[in-house]
Amino acid sequence: MLNWIFFGLNIFVAVVMAATAMLPAKPHKNVILETTLPGAQLKHPAVRQLTQQYTKQLWWLALFFSLVGLPLIFVHFDSLALLYFVLLLFGLIGAFYGTEVHFIHKMNRLKRQQGWALPATTEKVVDTQLVLTKNRRLLSLNWFGGSGSLLLIGLVSNYFTLGWATSWPLMLALLLCWGLFLLLYWVVAALPVRALTTQPEHDRALNDAYRQTWSRQMVIGSYMLGVLPLVVTLTTITFSIIYVYLVLVIIFCVYLVYDLIREHNFEDRLLGEFALKTTTDEDRFWRYAMYNNPSDRRLFVPDRVGTNISLNLGRPAGKIIGGVTLVLVLGLLFGVVGNLLALDFGGGGIRASATTEQVTLKAPGTATSQIKRQQIK
């Protein structure tokens, strides 16, 4: 059963990543594929051809990784299926990111060849009235109290169920990841307001929606993480609980993508003809789809092609946070995989399960045996 869930989840992730990776190829103000162009050139045939190639490449990647996930169906052990799924996930992320960077460079090259450079400016527009009430629709910090309580209860249950030696790496990773959600909430609250249009009421609506959306994502994400230790404990009683949790994770991912795309489209509609044009002074800092500007004192910046938040990798603190986040994610994923591998292959034990029709036997390094009830005397 778990094999089919991982197989379906792999296809789902591939399709979602293709759909979200397409967003930079849609003009946002006068920025497309992290490249600022004159407004009149956004529909130039060469620009359209390049964005179409990019979109087609994304869907081919989604198809390729969906087919590469087929062996998941035939893996006998849940731990090996999860390990293969995690490796596929990192392959997906690397392939889609590399494709985006490749086409950003191609768009930059097209811009230079066509001579579409715009006069650079560092002029900033600030609405002082908006600064005073910038977080009026930000979700309350009190929402994190429930997820923190769930996390602590789950960690205590892990300690008594699995023991300190087995549970401490997972406990540490979960605590740090929950703290990361809290940190990102603080980042959203501390971000400066953005003057994106010539209409103050539009800027207020955009900033309010932006902060509400991201604070909501941080709160929901903290609850998804906070309940995980309890799920790990309950799997020792009934393994089927993991299926329920995976379904919840899929629903959360679908909602996350829907919410971000909805916010992105809302911003594009509200900008309309009142949008302030983006200038070329930041193009060179976004060449790798991430912000890298050592001279900018900001640690977190709003993404200029949508509602995302970008880390300034040009600052030493940005590199440290990025590295620590990567280590935490890897530690959490491979910590779970390691525990499952220990259950499947530790001690050389035989695992048995029974239904009304047959008895199934599994053991490390051997094929799974299925014995019909009628054959047992």
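This is a predicted model: local features need pLDDT of at least 70, side-chain atom pairs count only at pLDDT 80 or more; totals for chains, interfaces and linings use all residues.
Visitor: Is Leu 176 buried, partly exposed or exposed, and why?

Guide: Leu 176 counts as partly exposed, because its relative accessibility is 42%.

Visitor: Where does Leu 176 sit?

Guide: In helix α6. Leu 176 also belongs to a nonpolar patch on the surface.

Visitor: Which other residues form that patch?

Guide: Val 156, Tyr 159, Phe 160, Trp 164, Trp 168 and Leu 172. With Leu 176, they have about 780 Å² of accessible area together.

Visitor: Which helices supply at least two residues each?

Guide: α5, spanning 144–162, and α6, spanning 164–190. The largest share comes from α6, with four residues.

Visitor: Let's go inside. Which residues touch the most other members of the largest nonpolar core?

Guide: Phe 96 and Met 107. That core has 36 residues.

Visitor: Which helices each supply at least two residues of this core?

Guide: Among them are α1 (2–21), α2 (45–68) and α3 (78–114). The most comes from α3, which gives eleven residues.

Visitor: How many residues are in the second, separate core?

Guide: That core has 30 residues. Val 187, Tyr 210, Ile 242 and Leu 328 are among them.

Note on methods: Residues are numbered from 1 along each chain as its sequence is written. Side-chain values use heavy atoms; hydrogens and water are left out. Patches are made of residues with over 30% relative accessible area and no salt bridge: like charges are joined within 9 Å, nonpolar side chains (Val, Leu, Ile, Met, Phe, Trp, Tyr) within 5 Å. Accessible areas come from the Shrake-Rupley method with a 1.4 Å probe; for residues, only the protein chains shown count as cover. A salt bridge is a side-chain nitrogen of Lys or Arg within 4 Å of a carboxyl oxygen of Asp or Glu. Buried means under 20% relative accessible area, exposed over 50%, partly exposed in between (1.4 Å probe, protein chains only). A nonpolar core is a set of buried Ala, Val, Leu, Ile, Met, Phe, Trp, Tyr and Cys residues joined through side-chain atoms within 4.5 Å.
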